[in-house]
Amino acid sequence: MRGAPQEPATVAQLVVHGGAGAVPEAERTGRQAAVERALAAGWARLAASALEAVMAAVRHMEDEPLLNAGVGATLNEDGAVELDASVMVGADLRVGACAAVTDVRHPVDLARAVMDDGRHVLLVAEGASRFARGQDLAMCGNAAFITGARRAATRSPDQDTVGAVARDAGGRLAVAVSTGGVNGKLAGRVGDAPLPGCGFYADDSRGAAAGTGQGEAFMQLALCHAAVVEMGGGLGAAEAARAAVELLARRVGGAGGLIAIDSQGRIGAACNTQFMAWAQRQGDPGG
């Protein structure tokens, strides 16, 4: 006697990165471990939605002092931390972002609040902080973000970002990113992380991507949007990620990496740097 037919497995995907660049050998294991912890945090929320998964993963990475987001972020020329973050959902192309914030404990939460509010896409600096206080988000002094390691490395070339891309069982895509930007940057500098199409993009009908690396180069090419367009044209996520990274180097001499998930649920990751900490998982998020 045959048993009752089984329901097909519910399949979802999550891919997370913790930055790409000239990472010292001694730090690579620690950075990879931080990314694996973020993957677990995101996976635990993927049954709820792709949006909740990327929020959880990036929020976790804002608490990992080895990564360049939140605690442990890079310092600008004045020795202060200025943070950028963003989130986007692919179903209706809603976006929220913040830039150059100095006192919001979790910038990705602020990006989510901007998106949910719906009046604007991007808030910056003191105006963003004022909005965050009005939303009862956690605030802190700038010193809370600064670690001893960062104080000792103000001349290092760190310019990485953290990010997550997810596709839930309903085929919905989401992306979130967060960063402290380039070490020693000019005060007020804003990179690609809060700019839709540059450091991130998501469209359920095509795919989603998050980048890390030289923000100015990503902005010149609107690189993540370009990768999503390629996926919409039939290129798989792995091929689109490789093509984007090759374009980054060839066209503007840029360095960095990119993670992606296409509309079919295929995962891709590529970089043209010495190292990129990243991790992926797919399967039944409720299993």
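Select α2, residues 50-61, and check its length: at 1.5 Å a residue its 12 residues should span 16 Å, and its end C-alpha atoms are 17 Å apart, which agrees. The expected span is 1.5 Å times one less than the number of residues in the helix. Helices (H or I, at least four residues) and strands (E, at least two) are DSSP runs, numbered from the N terminus.

The model is predicted, so local features need pLDDT of at least 70 and side-chain atom pairs count only at pLDDT 80 or more, while totals for chains, interfaces and linings use all residues. Residues are numbered from 1 along each chain as its sequence is written, and side-chain values use heavy atoms, with hydrogens and water left out.

**Stop 1**

Contact here means heavy atoms within 4.5 Å.

**Stop 1: α2 against α3**

Axes are lines fitted to C-alpha atoms, for helices over the stretch in contact, and angles run from 0 to 180 degrees between N-to-C directions. The two helices are therefore roughly antiparallel to each other (under 35 degrees counts as roughly parallel, over 145 as roughly antiparallel, 65 to 115 as roughly perpendicular and the rest as oblique).

Show side chains for the contact: from α2, select L51, E52, M55, V58 and R59; from α3, select V108, D109, R112 and M115. By class, the residues of this contact divide into 5 nonpolar, no polar and 4 charged. Ala, Val, Leu, Ile, Met, Phe, Trp, Tyr, Cys and Pro count as nonpolar, Asp, Glu, Lys and Arg as charged, and the others, Gly among them, as polar.

**Stop 2: α3 and the residue after it**

The buried set is P107, V108, D109, L110, A111, R112, A113, V114 and M115. Besides α2, these buried residues pack against β2, β3 (95-101), β4 (122-124), α4 and β6. Step past the end of α3 to G118, where phi is positive, near 85°.

**Stop 4**

Go to A125, which lies in helix α4. Its phi is near 50°, a positive value in a residue other than glycine. A125 is partly exposed, at a relative accessible area of 31%.

Next select A222, in the loop between α6 (215-221) and α7 (223-232). A222 is not a glycine either, yet its phi is positive, about 45°. A222 has a relative accessible area of 29% and is partly exposed.

**Stop 3: L247**

Select L247 in helix α8, residues 237-252. At 23% relative accessibility it counts as partly exposed. Not counting residues up to four places away in sequence, L247 touches L221, L223 and V252. A distance to draw is L247 to L223, C-alpha to C-alpha: 8.6 Å, for residues 24 apart in sequence.

**Stop 4: D262**

Move to D262 in strand β9, residues 256-262. D262 is buried, with a relative accessible area of 1%. Which backbone nitrogens does its side chain reach? One belongs to A237, at 3.1 Å; the other belongs to Q264, 2.9 Å from a polar atom of the D262 side chain. A polar contact is a pair of N or O atoms within 3.5 Å; within protein, one must be able to donate a hydrogen and the other to accept it, and residues adjacent in sequence count only if both atoms are side-chain atoms. Leaving aside neighbours within four places in sequence, D262 is in contact with R167, R206, G207, M231, L235, G236 and A237.

**Stop 5: two buried loop residues**

Select T147 in the loop between α4 (125-134) and α5 (148-151). T147 is buried at 17% relative accessible area. Beyond residues up to four places away in sequence, T147 touches P65, V71 and G72.

Finish at A193, in the loop between β6 and β7 (200-203). A193 is buried, with a relative accessible area of 2%. Apart from its neighbours within four places in sequence, A193 is in contact with D84, S86, T161, V177, T179 and F200.

Definitions and conventions. Buried < 20%, exposed > 50% of the residue type's maximum accessible area, 1.4 Å probe, protein only.
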